[in-house]
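I opened this model to look up a few things. My notes follow the order in which I checked them.

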Amino acid sequence: MQALLSSELIDAGRWIDSQGWCPATGGNFSARLGENLALVTASGRHKGRLTTEDLLTVDLQGNPVDSDLKPSAETLLHTRLYQLDKQIGAVLHTHSVASTVLSRMVTGEWLTISGYEMQKSLAGNTRHDETLQLAVFDNTQDMPELAEQLAMRWQQTPLNWGFLVSGHGLYAWGKDIAEARRHLEGLEFLFACELEMRRLGVK
Ligand SMILES: CSC[C@@H](O)[C@@H](O)C(=O)COP(=O)(O)O
Ligand SMILES: [Zn+2]
């Protein structure tokens, strides 16, 4: 189980890097390992060139389990997501140009998306003409604080598919790594469209 998830995360990293969504050491990935544990990328590694030596197990408080590796600086966001929704099986965090720029253009706490066929790539959507809302959080280096903000927003309304951190990037998730990849790809496409629309002055 763990070996399969490791290889799927490594493969996801290669694909994400090939899209240009994890430059330098940006991004971090994880997969749930049962109820109270997750597999997460070690901090500071290039996410397009991961090996099994770059992954470690953490508990859902973000503490390493049987490992001397330093978990991702953003581990608490991953583990909080696993605590908030038992259905979440994988989380992929990326630093694309589109998510970084678009998140800085949002005024308020939500990005609104409507009118795109690609909305159907996001679980539960069967139409292009529904209005989707994606949460946007202010960036901070204080991960416990950001994890708390996430939990507070979740209490108002459970989030779906992902959220943006302003000027930072995207967190996308799914019931497994395959679904997290689909949500990530769909959201990145939607962001690129939104950015292009705004560049053309359509909105
Ligand atoms: C290139 S700096 C990016 C980091 O500050 C962070 O946002 C990030 O995504 C990667 O952190 P990491 O600790 O390697 O998981
Ligand atoms: Zn990041």
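I started with UniProt, where an unreviewed entry places the feature "domain: Class II aldolase/adducin N-terminal" at residues 7-195. UniProt positions are in the numbering used here, feature names are shortened, and annotations may be inferred rather than shown by experiment. Over residues 7-195 I read 34% helix and 22% strand, with the end C-alpha atoms 33 Å apart. Helices (H or I, at least four residues) and strands (E, at least two) are DSSP runs, numbered from the N terminus.

**Ground rules.** This is a predicted model: local features need pLDDT of at least 70, side-chain atom pairs count only at pLDDT 80 or more, and totals for chains, interfaces and linings use all residues. Residues are numbered from 1 along each chain as its sequence is written, while chains are lettered from A and ligands numbered from 1 in the order in which they are written.

The unreviewed UniProt entry gives "binding site" for H93 and H95. H93 sits in strand 4. I find H93 buried (20 or more other C-beta atoms within 10 Å; exposed is 12 or fewer, partly exposed in between; C-beta atoms placed from the backbone). The count for H93 is 28. Its contacts (C-beta atoms, placed from the backbone, within 7 Å) beyond four places in sequence include G27, N28, E74 and Y171. H95 lies in the loop between strand 4 and helix 3 (97-105). H95 is also buried, with a count of 21. Among the residues H95 touches, beyond four places in sequence, are W21, C22, T100 and G169.

**T94.** Strand 4 (residues 90-94) holds T94. T94 is buried, with 27 other C-beta atoms within 10 Å. W21 is 73 residues away in sequence, yet 5.6 Å from T94, C-alpha to C-alpha.

**Ligand 1.** Which residues are around ligand 1? I list A24, T25, G26, G27, N28, T41, S43, G44, S72, A73, E74 and H93, taking C-beta atoms, placed from the backbone, within 6 Å of the ligand. By class, two are nonpolar, nine polar and one charged.

**Helix 4.** L146, A147, Q149 and L150 are its buried residues. Seen down the axis of helix 4, they fall within an arc of 155°, so they line one face. The arc is that of directions from the helix axis to the C-beta atoms. On the other side, P144, E145, M152, Q155 and Q156 are exposed. Helix 2 (75-84) and strand 6 (131-137) are among what covers the buried residues.

Terms used
Nonpolar A, V, L, I, M, F, W, Y, C, P; charged D, E, K, R; others polar. Contact = placed C-beta atoms within 7 Å.
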